[in-house]
Amino acid sequence: MEEFIGANLLTLITFIPLLGAVIVLFIPRDKLNAIRWTSAFFTFIPLLLGIYLFINFDRNVPGLQFVVRKPWIPQFNVEYYMGIDGLSVLMVLLTVLLSFLCIFASWGIEKGAKAYFSLFLLLETGMLGVFLAMDFFLFYVFWEVGLFPMYFLIGIWGGPRREYAAIKFFLYTLLGSLFMLVTMLILYFHNTPHTFDIPKLIEMRSSYPVELQRILWLALYIAFAIKVPVFPFHTWLPDAHVEAPTPISVILAGILLKMGTYGILRFNFPLFPHGTQYFASFLAYMGVINMIYGALTAMAQRDMKKLVAYSSISHMGYCLLGMASFKESGVIGGALQMFNHGTITAMLFLIVGVIYDRAHHRDIDRFGGLAVQMPVYSGIVALAFFAAMGLPGLNGFISEILVFIGGIKAFPIRTIVSVSTVVITAAYLLWTIHRMFLGKLNEKYKDLPDINGRELFTLVPLGIIVIFVGIYPPPVINIMRETLLSIIKIATGG
Amino acid sequence: MSNLFTLNLLKDLRIFAPELIVLITILFTLIIELLVKRDDRKYLWTIPLIGLLGAFTVLLYGYEIKTKIFSFNLYIDTFSSFFRLIACLSGILAVLLSHLSSEIDDRDGEPYIAILTVVLGMLIIPSAGNLLIIYLAFEMMSLPSYLLTSMHIRSYPSKEAGIKYLLFGAVSSGIMLYGFSILYGITGQIDINAIKVALHYLETKRAFGILSFLLISAGMFFKIAAFPFYFWSPDAYQGAPTPVAGFLSIGPKAAGFSFMIRFILSAISEETGELWRDELWGQIPQYIAFISAVTMTIGNLAALNQRSVKRMLAYSSIAHAGYMLIGLSAMNKIGIHAIFFYILVYLFMNLGAFASISYLTSRGMKDDLDSYKGIGWASPVFGVTTTIFLFSLVGIPPLGGFVGKVLIFSSAIKEKMWVLVIIGVLNSVVSLYYYALIVKKMFLESFSSEKEFKLLFLESLLLIICAIPVVFLGIFWGKPFIFLERALNMF
């Protein structure tokens, strides 16, 4: 048994949710609780496996571990090739954790629950596959499999403008992924024997002409930048976030956005070192623009969900700046920011969901003095907001400071300018706390109940991670260090 | 001597069995229709179905046969076997769909006889070895399809569509025949292989060779509804009974491609490869690439604004002809494989999509977008399978249409035809918009349908039969691909 799990761990973790998606379809539609608990069960197993993976991951190895490799389409050298390394292990952990928590955040969904949970589980399979696939073709398939459940999840269970938001998301991402498809095929035909094997493609990197590297780098960059999203491709994000139901916003911001930065680190950096160096400065500019633009736009929002959405854009900018620096601290900071932002933003969206369920609106100005009425909730909000601000002792601080340390060596002026983001972020978050939780209690909300047990259950684990990583980051840093160092070495070594 | 001839004929007839089975089924259906009273013809549809299934099985057994029969007039090989299988499959699905539709009078034999005759034409085209047979087979396929188009009961536009189709079709056949006659004039041959050799040694009159190719390709572009001969198809599809429209969107297309591939591939095979290095002949790939780019762009842009789903799918099938032409213009092995694969997937996904319209119109609903409102919730089988067909038409993994598109784009990328690739990619994005409109109506707009919508058992079964291969070919396409690769071994 142990051996079987060891050899097929990644297959199990990826496809157990898919199995769940199929099983959920066979439960009668009026048995709501059965549907919910079955979904919870099929996200809980991947969570356990994810923790097992985290514990048993060999931190001194930069390469792939737990490799599963089988031929899929032999004529075209397409393989079912899964593997995990330091870059993906945290993403996988984040995915299984957030998926599990989001099942509980989805408890309130009653219309079409069967379809909802089934699509949700399918989405989890797609996301895990993206982080685990080591064959480009397989990666592409998973990348797209994560796409259409999202279209339905936003489009059916979303807010009033859901149809518009869903199709916008779908069209944008499909456009990006087709750029990736073309790049993939060009690389495939460039190498003889033709292959989709990512490590192999990376090995052959010196054979790609400089011109080709630059063009393909840009093509891949567009695919991933739409997902991150990097300015000016960000316009789908506020729409999608505002219309999506709470758990889907969590998944969207917590995991789907990371697929973009993950892709840049996994593909752009090692595949096209020349291209990466050529565009590093550009990437840093985009990071800074994202940070400042996102933060300033967030400040202007009255809708709390939109505010969090724009803060996501701002925080993803840190990842780009850190990655572009090529310094150990910068790249580690960028990759850590992916994980940290995943936990923090998940908390933020869950928090928005809690208040929206009670007040049925998210207009910041129409609240006031909630701290008296909902003390526990306010405490958690404060924790999450402080983490997002980058307060020392919480995980946001660690990754942001690492990004700045790396950035200041590589791009001093840009980094100094970008530090202003910290101030703007503090401003809009504190101002939000001020408007919502302090001051006189709005009479309309004097009967608002405090956060309930189920909601607490979704928020507390994330809160623990936020504090733990903030105080003692070595476990998460060490796990990705070796892999990231090898990526930096490839990207700078040419 | 005469003994030997009879012996050969008998042997040839045995190989010709699939076509003979279809022929006998036609006659049998005709006789049954004459003998049995109208009220007792409830199960008339099973006769063509059994006949086609029989032909299909025989073909499957004889897939590997490679020979030339009837004094070298018909080339039987894996290539023709593949396209004949496609012909039978599309015939089977069309018969089932016609039976389920209320747009076609099920108790009359004519629709079935017409479908069977189209299939018979489609069976002969891929194996036809000389120009005369090709022309006759094309006419055998076309004439009943004009008839089928106007078979909608009590519908005036259907008659108009039939006439329109007939007029355009007759002109295009004439153009094609003119091309054939020029080809015969300069080479003195009607056998494809002999023509190929003659063209190779043709020193002068090269321009005439090109001219004949252009004329013949014009005829083909009509059959597959490519630019600039696509005008007939939206009107014909919309006017025609829905099952017929679905059938016509596949049958003539597959046949047209089978002829083009055999015609072109014969010319680029090993011994005559130099032909394509010729200044004039060398332009042909660009010419096809141009037609392909314009065809898919026009098809997709026109589909964007359609309210009638049937018309939308008609334009989308123009666009798909454009995608398939990419594979032809690349003129490499993978491109031809891609067309094979695409046709196979397209058969299921497009007929599936037309089936969904047919179920709506059979229940007295209009074929416009609003009819789809909320149906996904009223009938999940209908909703899910239709979504599979539509997303597969867009090319979203893990569905068959995706693999088809990857192969198509691969062929162009391999030949470094960047402009064509970019146009193809952008077209795919555009197509998502209008296919998603239908999905949106089915699932996103309203939660519960006011109208009751229940599928009959046979109706759901047909949708599932179409959906399974679409999903299967998207995930496990390795094994079926071996099958396709063998189809090309003859070249």
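Biologist: Hi! Let's start with helix H9 of chain A: what span should its 18 residues have, and how far apart are its end C-alpha atoms?

Modeller: Hello! This is a predicted model, so keep that in mind as we go. H9 of chain A covers residues 210–227, and at 1.5 Å a residue it should span 26 Å. Its end C-alpha atoms are 26 Å apart, which agrees.

Biologist: Which residues of H9(A) are buried?

Modeller: Among them are A:Gln213, A:Leu216, A:Trp217, A:Leu220 and A:Tyr221. Further along, A:Ala223, A:Phe224, A:Ala225, A:Ile226 and A:Lys227 are buried as well.

Biologist: And what do those buried residues pack against?

Modeller: They pack against H7, H11 and helix H12 (273–299) of chain A.

Biologist: Where is H11(A) kinked?

Modeller: The kink is centred on A:Leu252 and comes to about 35°.

Biologist: How many of the residues in H11(A) are buried?

Modeller: 26 of its 26 residues are buried, and the helix is mostly covered.

Biologist: How do the axes of H3(A) and H11(A) cross?

Modeller: H3 of chain A, residues 86–105, has an axis that comes within 9 Å of the H11(A) axis, and the two cross at roughly 170°. An angle over 145 degrees counts as roughly antiparallel, so H3(A) is roughly antiparallel to H11(A).

Biologist: Which residues meet there?

Modeller: From H3(A), the contact includes A:Leu87, A:Met91, A:Leu94 and A:Leu98. On the H11(A) side, A:Val250, A:Ile251, A:Gly254, A:Lys258 and A:Tyr262 are among them. The residues of this contact divide into twelve nonpolar, three polar and two charged.

Biologist: Changing topic: how many residues does each chain put into the contact between A and B?

Modeller: Chain A gives 27 residues and chain B gives 24 residues. On the side of chain B that touches chain A, helices H18 (400–414), H19 (418–444) and H21 (478–487) each supply at least two residues. H19(B) gives the most, with ten residues.

Biologist: What kinds of residues make up that side of chain B?

Modeller: They divide into 18 nonpolar, three polar and three charged.

Biologist: What about cis peptide bonds, where should I look?

Modeller: In chain A, the bond from A:Thr192 to A:Pro193 is cis, with omega near -5°. A:Pro193 lies in the loop between H7 (162–190) and H8 (198–203) of chain A. In chain B, a cis peptide bond joins B:Phe227 and B:Pro228, with omega about -5°. B:Pro228 lies in the loop between H9 (206–223) and H10 (232–239) of chain B.

Biologist: Why point those out?

Modeller: Because most peptide bonds are trans. Most residues other than glycine also have a negative phi.

Biologist: Which residues other than glycine have a positive phi here?

Modeller: A:Phe326 is one of them, with phi near 65°. B:Lys416 is another, with phi near 60°.

Biologist: Let's pick a residue inside a helix. Where is B:Ser292, and what does it touch?

Modeller: B:Ser292 lies in H13 of chain B, residues 284–304. B:Ser292 is buried because 28 other C-beta atoms lie within 10 Å. Leaving aside neighbours within four places in sequence, B:Ser292 is in contact with B:Gly322, B:Leu325, B:Ile326, B:Ser329 and B:Leu420.

Biologist: One more, from chain A: why does A:Met389 count as buried?

Modeller: A:Met389 counts as buried because it has 21 C-beta neighbours inside 10 Å, and the cut-off is 20 or more. A:Met389 is in H16 of chain A, residues 375–389. Not counting residues up to four places away in sequence, A:Met389 touches A:Gly396, A:Thr425, A:Ala426 and A:Leu429.

How values were computed. Residues are numbered from 1 along each chain as its sequence is written. Chains are lettered from A and ligands numbered from 1 in the order in which they are written. This is a predicted model: local features need pLDDT of at least 70, side-chain atom pairs count only at pLDDT 80 or more; totals for chains, interfaces and linings use all residues. The bend at a residue is the angle between axes fitted to the seven residues ending there and the seven starting there. Helices (H or I, at least four residues) and strands (E, at least two) are DSSP runs, numbered from the N terminus. A residue is buried if 20 or more other C-beta atoms lie within 10 Å of its own, exposed if 12 or fewer, and partly exposed in between; C-beta atoms are placed from the backbone. Axes are lines fitted to C-alpha atoms, for helices over the stretch in contact, and angles run from 0 to 180 degrees between N-to-C directions. Angles under 35 degrees count as roughly parallel, over 145 as roughly antiparallel, 65 to 115 as roughly perpendicular and the rest as oblique. Two residues are in contact if their C-beta atoms, placed from the backbone, lie within 7 Å. Ala, Val, Leu, Ile, Met, Phe, Trp, Tyr, Cys and Pro count as nonpolar, Asp, Glu, Lys and Arg as charged, and the others, Gly among them, as polar. The expected span of a helix is 1.5 Å times one less than its number of residues.
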